Amino acid sequence: MLEGLQKFGHWGLESLESMGRSALFLLQTLQGAVQAPYKIRPVLRQIQVIGSGSFLVIFFTGAFVGMVLGLQGYYTLSKYGSSSALGAAVALSLVRELGPVLTALMVIGRTGSAMCAELGIMRISEQIDALDCMAINPYRYLVAPKLLAGLFSIPLLTAIFNLVGVFGGYMVGVVLLHGNGGAYMASMRDSVTAVDLKMCFVKSICFAFLLVWICAEHGFWVNRRSWGFGAEGVSRATTSAVVVSSVSVLVADYVITSLMM
Amino acid sequence: MSQSEYCIRLIDIHKSFGSQAVLRGVDLDIERGATTVICGESGQGKSVLLKHILGLVRPDRGRVLVEGEDITRIKGAALSRLRTRFGVLFQGVALFDSMSVFDNIALPLRERSRLPEKEVEKKVAEALQMMDLEDSADKFPAQLSGGMKKRVGLARALQLEPDILLFDEPTTGLDPVKSYDVYRLFFETQKKLGYTSVIVSHDIPKIFNLADKIAILHEGQVRACLAPEELQRSRDPFVRGFIVRVMGSAHSSKNELSAELRKSYEKI
């Protein structure tokens with residue numbers, strides 16, 4: 001009984017410490033992001049890693065998600081004689097939910113995990129300590145460019161995902177299954193409103209913020225958690241970063257949807 | 001000796017990790033412009049002590065005064081300002097593995113100085129020449145030998161012309177020739193720049209010929225901090241025991257240790 005209480009207390013204290021550390025990490029990263037002198041080159045390099053590097057995977061994911069939506073939507077709507085609403089169904093599913101969520105999940109898998117591993121290895125090989133000792137702010141030098149690049153790239157990737165998805169739905173619903181192309185476009189134009197686009201943008205910004213924060217923090221403070229040291233610690237931190245950021249994106253998705261609907 | 005002649009003062013430093021007490025009341029004064037070597041057996045907390053000086057680890061109790069400022073109590077810009085006075089050569093060197101040798105050495109200049117890129121390139125080229133690394137400028141750390149990595153680390157540590165240089169096991173993993181090269185570079189650069197240095201090392205007795213003071217860390221405390229000559233003359237049973245343990249009984253005799261030291265000095 002006493003041992004159980006002790007374990008619970010230890011877990012509680014550790015969780016509290018971890019939350020405090022994460023909040024301070026975010027605060028210092030934001031400070032680093034606005035601290036002069038501003039250097040654009042590290043941000044551009046991260047945009048290349050997060051944005052350009054993820055383009056192909058987002059393109060193919062968006063295309064196939066749109067195609068599946070087109071296929072499923074066409075047969076379901078045809079049963080009720082509403083196949084003309086296919087464009088609206090595909091576009092709304094993508095813009096409101098699937099576009100921002102799947103883009104964020106793909107970026108977490110591709111870039112978030114790499115971001116965590118990179119910072120984790122830098123931590124265990126004392127490279128971050130070396131920056132500290134050279135009085136180079138590691139938040140400003142290492143993390144802030146990743147955050148700024150994420151905030152710039154992920155909304156753009158989401159837009160690409162949506163665009164390619166709508167085109168994929170069109171290819172299946174109209175070109176392959178001989179649906180009405182004009183009705184597809186018209187229903188899409190009539191149903192997608194500025195509020196939907198705003199929600200999509202807000203979600204992509206929030207998800208970008210969350211994924212960079214969680215993945216970078218897991219790597220940056222890999223030595224402060226009870227994951228063990230060295231390669232094993234980095235590997236467990238990376239797994240945890242992917243799981244925690246993915247779940248956080250899904251939770252945030254529900255919260256934002258319920259606030260903006 | 002007045003306080004201003006010490007650039008670093010460690011006062012009653014205690015540090016535990018979990019239930020393991022690593023430092024148990026360390027007191028140590030580092031003289032300005034001198035070379036202090038911290039030695040002791042493995043696991044005695046030498047590297048932890050160095051991290052306290054750098055402000056990377058905060059003590060549970062005690063003060064670390066660097067130029068009169070307690071590094072354990074300052075943060076942000078004040079800590080950054082103090083750290084610009086340090087140069088550090090880590091045990092694992094801590095080179096940035098995704099950067100070339102050139103970029104590693106240029107990093108502190110690019111980030112901490114307002115020098116134009118041309119000037120940065122000139123200074124890095126000089127450093128590469130001094131460290132005999134001209135042909136390795138475009139290589140990455142993974143392509144370098146242990147000795148070359150240490151030289152790159154030393155070049156990087158010296159770029160901002162620090163007042164205080166800290167070395168954590170500078171010759172670990174190097175053969176005697178490469179170790180000698182590192183010591184020679186250290187000797188030459190210190191003569192030229194006049195920095196205060198703190199070296200954590202196991203490399204006894206070779207390291208003695210560079211030391212002005214030798215501090216022996218044992219069971220979480222500095223048990224002796226003496227000049228090499230005082231160390232060999234010491235009648236303290238602990239000091240004599242330490243010398244026997246690390247150098248063998250042959251060196252425990254005063255005369256033989258003196259001969260060994262003389263030989264080492266002559267080499268340099």
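Predicted model: local features only at pLDDT ≥ 70, side-chain atom pairs only at ≥ 80, totals over all residues.
**View 1. Chain B and its make-up.** Let us start with chain B, which contains nine helices and 10 strands. Its 268 residues include 52% that count as buried. Looking at contacts in chain B with a separation of 6 or more, 63% come from residues 24 or more positions apart.

**View 2. Helix H1 of chain B, from residue 46 to residue 54.** Here we look at helix H1 of chain B, which is largely enclosed by the rest of the structure because seven of its nine residues are buried. The buried ones are B:Lys46, B:Val48, B:Leu49, B:Leu50, B:His52, B:Ile53 and B:Leu54.

**View 3. B:Thr36 in strand S3 of chain B.** The strand in this view spans residues 35–39, and B:Thr36 belongs to it. With a relative accessible area of 1%, B:Thr36 is buried. Leaving aside residues up to four places away in sequence, B:Thr36 touches B:Ile30, B:Glu31, B:Ser197, B:Val198, B:Ile199 and B:Lys213.

**View 4. A:Phe59 in helix H2 of chain A.** We now move to chain A, where helix H2 holds A:Phe59. This residue counts as partly exposed, because its relative accessibility is 33%, between the limits of 20% and 50%. The C-alpha atoms of A:Phe59 and A:Thr103 are 9.8 Å apart in space, although the two residues are 44 apart in sequence.

**View 5. Where chain B meets chain A.** At this interface, 16 residues of chain A are in contact with 23 residues of chain B. The two chains bury about 1,600 Å² between them, and carbon and sulfur atoms give 60% of that area. Four salt bridges are counted between chain B and chain A. The side chains of A:Asp132 and B:Arg83 also form a salt bridge, with 3.7 Å from N to O.

**View 6. The second largest pocket.** This pocket holds about 740 Å³ of space. It is lined by 23 residues, and the closest to its centre are A:Pro42, A:Arg45, A:Tyr141, B:Met99 and B:Leu107. Two or more lining residues come from each of helices H2, H3 and H5 of chain A and helix H3 of chain B. H2(A) gives the most, with five residues. Sorted by class, the lining has 10 nonpolar, three polar and 10 charged residues.

**View 7. The largest cavity.** The structure has four cavities of 30 Å³ or more, and the largest cavity holds about 120 Å³ of space. Among its 13 lining residues, A:Met134, B:Gly87, B:Val88, B:Arg156 and B:Ala157 are the closest to the centre. Helix H4 of chain A, strand S6 of chain B and helix H5 of chain B each give two or more residues to this lining, and S6(B) has the largest share, with three. The lining divides into nine nonpolar, two polar and two charged residues.

**View 8. The second largest cavity.** The volume of this cavity is about 50 Å³. Its lining residues include A:Tyr74, A:Ser83, A:Leu86, A:Val174, A:Asn180 and A:Tyr184. Helices H3, H5 and H6 of chain A each give two or more residues to the lining. By class, five lining residues are nonpolar and six are polar, with no charged residues.

How values were computed. Residues numbered from 1 in each chain as written. Chains lettered and ligands numbered in written order. Heavy atoms only, no water. Buried < 20%, exposed > 50% of the residue type's maximum accessible area, 1.4 Å probe, protein only. Helix = DSSP H or I, 4+ residues; strand = E, 2+ residues; numbered from the N terminus. 1 Å grid on protein atoms, 1.4 Å probe; cavity = no way out; pocket = protein on both sides within 12 Å on 5 of 7 lines; lining within 4 Å. Points joined across faces, edges and corners; volume = space filled by probe spheres on them. Nonpolar A, V, L, I, M, F, W, Y, C, P; charged D, E, K, R; others polar. Contact = heavy atoms within 4.5 Å. Buried area = accessible area lost by both parts, 1.4 Å probe.
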